[in-house]
Amino acid sequence: MDEYRELNRAFWDERAPAHAASRDYGLNEFVAEPEHLSHVVRFDLPLLGDVAGLRGVHLQCHIGTDTISLARLGARMTGLDFSPTSLEHARQLAAATRGDVDFVESDVYGAVDALGSEQFDLVYTGIGALIWLPDIRRWADVVAALLRPGGRLFVREGHPMLFTLADPRDDGLLVVEHPYFERDEGSVWDEGGTYVETEVVFSSNRTVEWNHGLGEVVSAVLAAGLEVTGLVEHDSVAWDAMPGMMQRPPGNADEWRLVDRPWRLPHTYTLQAVKRQA
Ligand SMILES: C[S@@+](CC[C@H](N)C(=O)[O-])C[C@H]1O[C@@H](n2cnc3c(N)ncnc32)[C@H](O)[C@@H]1O
C-alpha cells in the first residue's frame, strides 16, 4: 500500500469510534427517529431533489450517516470507504436502524472492481472527501465508470479556497497559506484532534492531503465525459472549519459561517454532473 494510504487510513480508523460516539454525528437520533437525516443530507435536499428508487453509491462514506440518510429518502445505497473501522460503525448503525444498506471496503481508486463493475444512477460524495485523493482526474474517471449513461454525480465539498487558509489568527485576517491547486507531493499534516467534540486523545495524526482547485475539479469531470449541470458556491460549511471565527448562521443549526463578512469566502460548493448518454 502506498505510504499516504497507510497514514490516512490509520488516521480515519482511529477517529471513527470517536465520531460514532460523538453528539455531532448523532447516531442515537438515527436509532430513535426513523425519519432522521444527517445534517449534511438535509442541507443537500433542495439541490439533490427526489432520490427515491435510485441505485446510489456513496464514495468515502465514513460511518454511514449520509449513506443511511439517502437510503431513508428511498435510494438503494451502497457505501464505500477504505477504513474498516469506519465501516464497522456504519454496519452497526445500519443494523441498529434496520437500514438496508451495503458497505464495501475499498480505496476509491479501486471502486469499480470492488463494486463488481455495477453502474449506478447516483454517485454521491463530499464533505471532506476529495482532499484525501492525490489525483482528481483519476477520481473523475472512477465516477464516470460508476455511472450509467444518464446517471448523476452529486458532490458538496469544502471549497478549495477554504482549504488554503492559515489557522485562525488573533487579528482575524484570512491568510492564504496552503496550496490552492493540486500538487503531486501533497501536504503533510501532523495534527491531533478532529472536527467533532471529543475527549479522545489520538496518536495516528500524520496525514497527506491534496487540495484541488475548483477549475481542476470541473475540468476533470468534463474530461471524464460528464456534463456539468450545476455548480453552486455556498457561504456556509458543515463543520467548524475556522474555530473561533465561525458561528452557526441564524436559523440554521446545521452549518457554520464566518462571523466577520462571510461574503468574502466561498465556504463550500455543490457540483452536479450527468454522464452523457452514449
Ligand atoms: C471526512 S470523511 C467524509 C465522509 C462524510 N462526509 C462524513 O462526514 O461522514 C472522509 C472519509 O474518506 C475516507 N477515505 C480517505 N481516503 C480514502 C481513499 N483513498 N479511499 C476510500 N476512502 C477514503 C476516510 O476513511 C473517511 O471515512
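Mentor: Gladly! One term before we start: contact means heavy atoms within 4.5 Å. Please keep in mind that this is a predicted model.

Trainee: With that cut-off, which residues in α4 do V40, V41 and L48 in α3 meet?

Mentor: Contact needs heavy atoms within 4.5 Å. On the α3 side, V40, V41 and L48 take part. By class, the contact of α3 with α4 has four nonpolar residues, one polar and one charged.

Trainee: How are α3 and α4 placed relative to each other, roughly parallel or oblique?

Mentor: Helix α3 covers residues 39–48 and helix α4 residues 65–72, and their axes come within 10 Å. The crossing of α3 past α4 is right-handed. The axes cross at roughly 45°. The two helices are therefore oblique.

Trainee: What about α1 and α5: at what angle do they pack?

Mentor: Helix α1 spans residues 3–21, helix α5 spans residues 84–96, and their axes are 7 Å apart. Angles under 35 degrees count as roughly parallel. That makes α1 roughly parallel to α5, for the angle is about 30°.

Trainee: Which residues of α5 make the contact with α1?

Mentor: On the α1 side we find R9, W12, D13, A16, P17 and A20. By class, this contact has five nonpolar, three polar and two charged residues. The α5 side is made by P84, T85, S86 and H89.

Trainee: And how many charged residues are in the contact of α7 with α9?

Mentor: Helix α7 (residues 136–146) and helix α9 (residues 214–223) have axes that come within 8 Å and cross at roughly 40°. They are therefore oblique to each other. I136, R137, W139 and A140 in α7 meet E216, V217, A220 and V221 in α9. Of these residues, six are nonpolar, none is polar, and the number of charged ones is two.

Trainee: What is the bridge partner of H58 in β4?

Mentor: Strand β1 (residues 55–59) and strand β4 (residues 120–126) run parallel and are joined by three bridges. In β4, the partner of H58 is Y124.

Trainee: To finish, what is the radius of gyration of the whole protein chain?

Mentor: The chain has nine helices and eleven strands, and its C-alpha atoms fill a box of roughly 50 × 45 × 40 Å along the principal axes. For 278 residues the globule rule gives 19 Å, and the chain's value is close to that, so the chain is as compact as a globular protein of that length. The radius of gyration is 18 Å.

How values were computed:
Residues are numbered from 1 along each chain as its sequence is written. This is a predicted model: local features need pLDDT of at least 70, side-chain atom pairs count only at pLDDT 80 or more; totals for chains, interfaces and linings use all residues. Side-chain values use heavy atoms; hydrogens and water are left out. Axes are lines fitted to C-alpha atoms, for helices over the stretch in contact, and angles run from 0 to 180 degrees between N-to-C directions. Helices (H or I, at least four residues) and strands (E, at least two) are DSSP runs, numbered from the N terminus. Angles under 35 degrees count as roughly parallel, over 145 as roughly antiparallel, 65 to 115 as roughly perpendicular and the rest as oblique. Ala, Val, Leu, Ile, Met, Phe, Trp, Tyr, Cys and Pro count as nonpolar, Asp, Glu, Lys and Arg as charged, and the others, Gly among them, as polar. A crossing is left-handed if the near helix is turned anticlockwise from the far one by less than a right angle, and right-handed if clockwise. Two strands pair if DSSP finds at least two bridges between them. The radius of gyration is taken over C-alpha atoms; the globule rule is 2.2 Å times the number of residues to the power 0.38.
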